[in-house]
Amino acid sequence: QVQLVESGGGLVQAGGSLRLSCAASGRTFSSYAMGWFRQAPGKERNFVARISRGSGSTYYTDSVKGRFTISRDNAKNTVYLQMNSLKPEDTAVYYCAADVDPKTSGYEHWGQGTQVTVSS
């Protein structure tokens, strides 16, 4: 079992930056991929970014490319999402997730979420 705890959300003006953190526990952190998702009010939860377990390859949804950076510190069991040039449309609850079983699709474990609000 994996436990995930996000932090770092808050209120920021458009054009500002925030860094989200997600601390993991319960399994060897370096052995699984991690992702960030977000859910705006009244909308579905959508993929934001992913970082692989080995090489640390990264993937982003088009709307955040060039503005967001996902990274991981395996020594600290933590994944980060650096968000720059924030826009009001980035407002959402952000969730981190762990993909621990490479033989199945999807993420098996989720954090509780952290609110990000971007004011115009």
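Strands S4 and S9 pair in the antiparallel sense over seven bridges, where strands are DSSP runs of E with at least two residues, numbered from the N terminus, and two strands count as paired if DSSP finds at least two bridges between them. This is a predicted model, in which local features need pLDDT of at least 70 and side-chain atom pairs count only at pLDDT 80 or more, while totals for chains, interfaces and linings use all residues. Residues are numbered from 1 along each chain as its sequence is written, and side-chain values use heavy atoms, with hydrogens and water left out.

**Strand S9 and its partners**

- Within the pairing of S4 with S9, Phe37 stands opposite Tyr95 in S9.
- S9 also pairs in the antiparallel sense with strand S11, which covers residues 114–119, over three bridges, and there the bridge partner of Val93 is Gln115 in S11.
- A further antiparallel pairing joins S9 to strand S10, residues 109–110, over two bridges, and in it Ala98 stands opposite His109 in S10.
- Seven of the eight residues of S9 are buried, so this strand is largely enclosed by the rest of the structure; buried means under 20% relative accessible area, exposed means over 50%, and partly exposed lies in between, as found with a 1.4 Å probe on protein chains only.
- In a regular strand, the side chains alternate between the two faces of the sheet.

**Salt bridges**

- The structure holds five salt bridges, a salt bridge being a side-chain nitrogen of Lys or Arg within 4 Å of a carboxyl oxygen of Asp or Glu.
- Side chains of opposite charge can pair when their charged atoms come close.
- One of the salt bridges brings together the side chains of Arg67 and Asp90, at 2.8 Å from N to O. This pair links distant parts of the chain, since Arg67 is in the loop between strand S6 (58–60) and strand S7 (68–73), whereas Asp90 is in the loop between strand S8 (78–83) and strand S9 (92–99), 23 residues apart.
- Arg67 and Asp90 are both buried, and Arg67 has a relative accessibility of 10%.
- Leaving out residues up to four places away in sequence, Arg67 touches Gln82, Met83, Asn84, Ser85, Leu86, Lys87 and Asp90, where contact means heavy atoms within 4.5 Å.
- Another salt bridge joins the side chains of Lys65 and Asp62, at 3.0 Å from N to O, and Asp62 is exposed, with a relative accessible area of 61%.
- The side chains of Asp101 and Lys103 also meet in a salt bridge, at 3.5 Å from N to O; Asp101 is partly exposed, with a relative accessible area of 24%, while Lys103 is exposed, with a relative accessible area of 73%.
- Salt bridges that share partners join Arg38, Arg67 and Asp90 into one network.

**The largest pocket**

- About 150 Å³ of space lies in the largest pocket. On a 1 Å grid over the protein atoms alone, a cavity is a set of points where a 1.4 Å probe fits but cannot get out, whereas a pocket is an open set with protein on both sides within 12 Å along at least five of seven lines, and lining residues have an atom within 4 Å of a point.
- Grid points are joined across faces, edges and corners, and the volume is the space filled by probe spheres set on the points.
- The residues lining this pocket include Arg38, Gln39, Glu44, Phe47, Thr61 and Glu89, and strand S4 (33–39) and strand S5 (45–51) each supply at least two residues of the lining.
- By class, the lining has three nonpolar, five polar and four charged residues, where Ala, Val, Leu, Ile, Met, Phe, Trp, Tyr, Cys and Pro count as nonpolar, Asp, Glu, Lys and Arg as charged, and the others, Gly among them, as polar.
- Glu44 has its place in the loop between S4 and S5 and counts as exposed, at 65% relative accessibility; leaving aside neighbours within four places in sequence, Glu44 is in contact with Arg38 and Gln39.

**Two loop residues with positive phi**

- Asn77, in the loop between S7 and S8, has a positive phi of about 55° although it is not a glycine, and Asn77 is partly exposed, with a relative accessible area of 29%.
- Ser85, in the loop between S8 and S9, has a positive phi of about 50° although it is not a glycine, and Ser85 counts as partly exposed at 42% relative accessibility.

Notes
Helices (H or I, at least four residues) and strands (E, at least two) are DSSP runs, numbered from the N terminus.
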